[in-house]
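Dear colleague,

Please find below the structure that I am handing over to you. My notes on what was found in it follow directly after.

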Amino acid sequence: MTHPGLARLTAVFAWVGLASLGGGRSAYFHDALVTRRRWLSDEAFLQDLAISQILPGPNFSNLAVALGFRLAGFAGAACALVALVLPGVVILLALAVVYLRGGFNPAAGSAMHGMGAAVVGLIAVMSARIIRAGLRERLAVLLAAATAIAVGPLGLPTVWVIAGASAVGLWLHWPRASEALTPRGSP
Amino acid sequence: MDLLRMSWTFLWLSFLCIGGGLGVIPELERQSVTVHHWLTAREFLDGYTLAQLTPGPNMKVAAFIGYRAHGLAGGLLAAFAMFVPPAIVTAVVAHRWRRIRGRAWAMAVERTLAPIGIGLMAGGVYTLARSAIHDTFTAGIAVAAALALALRPVPPIAVMLAAGIAGWLFR
């Protein structure tokens, strides 16, 4: 595994960010860092993917931070974050200026309606793929379904839903005394 | 004062993004539209669409909301609050992950948070669908976009552009 310099890392992460139109997805990073450049192994990538999904915060930028840290330490993590997020934020703010001044004519408004509807279709399919890959046990399915119904149709505040579902999930998954006796690796 | 409150709101919202930004969309909309009136529901959806259309993570929609409420400073501060604090946590945990993940309690946390993240994501799809789909035309576009992505490996941006053209031509 070769380790790129910070400048090279920043350039590649900026490119991944710029190429990820229509919503950032982890697959872009896999393609850029594992398949094309062989900077990372599949195993290392999957471990960072798990970290970024488990930890709070926007997934795509967290994945960039975890990968950047693995490639070049804390400096790599900082460069990765800025390179991934800043170009898109600048472009979005430029569009926001135009949009909020009413600079988009009615035709642009209709186009936005169409695209807003398309977003729903796209994320529905992407979510279905993640559901298929991530939900295996019955307990996981129940926890996910209860959470979805609570924040979606019921419209309950997300904080309370996460707190409640976490309490139930941890209570059901917490290691029992017999499991706690098995060796754990490091103390 | 409201600028501070907004930064604080986005900061704690950023820590609710488990399983991707989609999970926090319902609460982000509730806080921004219903609770604090930083923008209208229509603007929220358009901002989210713009965030999808532009490169990078979708959660940069925070910058759009911040800009709408407080101009350039608001936009940049909102993006900072949304991305930087969780990034610091991620870097620190990535630093220690190898030692943490072998433990039994870490497995319990992993097995609990993964399905909750997926559930939040699914709830986010519902919330977005309710604001974006209001007639057969928009429903048709959503279904067509889903079919296009499900059946062929088309880039999402191509689907978005096609839907934009369809909206422009037929509405």
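Domain bounds, as used here, come from an automatic or database domain assignment. For chain B, that assignment gives domain 1 (2-131) and domain 2 (133-171). The C-alpha centres of these two domains of chain B lie 25 Å apart.

Please note that this is a predicted model, in which local features need pLDDT of at least 70 and side-chain atom pairs count only at pLDDT 80 or more, while totals for chains, interfaces and linings use all residues. Residues are numbered from 1 along each chain as its sequence is written, and chains are lettered from A and ligands numbered from 1 in the order in which they are written.

Chain B has seven helices and zero strands (DSSP runs numbered from the N terminus, with H or I over at least four residues for helices and E over at least two for strands). The C-alpha trace of chain B spans about 55 × 45 × 25 Å along its principal axes. Of its 171 residues, 53% count as buried, that is, with 20 or more other C-beta atoms within 10 Å of their own; 12 or fewer would be exposed, and anything in between partly exposed, with C-beta atoms placed from the backbone.

The contact between the chains takes 89 residues from chain B and 87 residues from chain A, where two residues are in contact if their C-beta atoms, placed from the backbone, lie within 7 Å. Helix 5 of chain B gives the largest share of the side of chain B that touches chain A, at 23 residues. By class, that side has 59 nonpolar, 21 polar and nine charged residues (nonpolar: Ala, Val, Leu, Ile, Met, Phe, Trp, Tyr, Cys and Pro; charged: Asp, Glu, Lys and Arg; polar: the others, Gly among them).

Helix 5 (residues 104-132) of chain B packs with helix 6 (residues 138-151) of chain A at an angle of about 35°, their axes being 7 Å apart. Axes are lines fitted to C-alpha atoms, for helices over the stretch in contact, and angles run from 0 to 180 degrees between N-to-C directions. The residues of this contact divide into 13 nonpolar, three polar and no charged.

B:Thr112 also lies in helix 5 of chain B. This residue is buried because 24 other C-beta atoms lie within 10 Å. Leaving out residues up to four places away in sequence, B:Thr112 touches A:Ser166, A:Gly169, A:Leu170 and A:His173.

With kind regards
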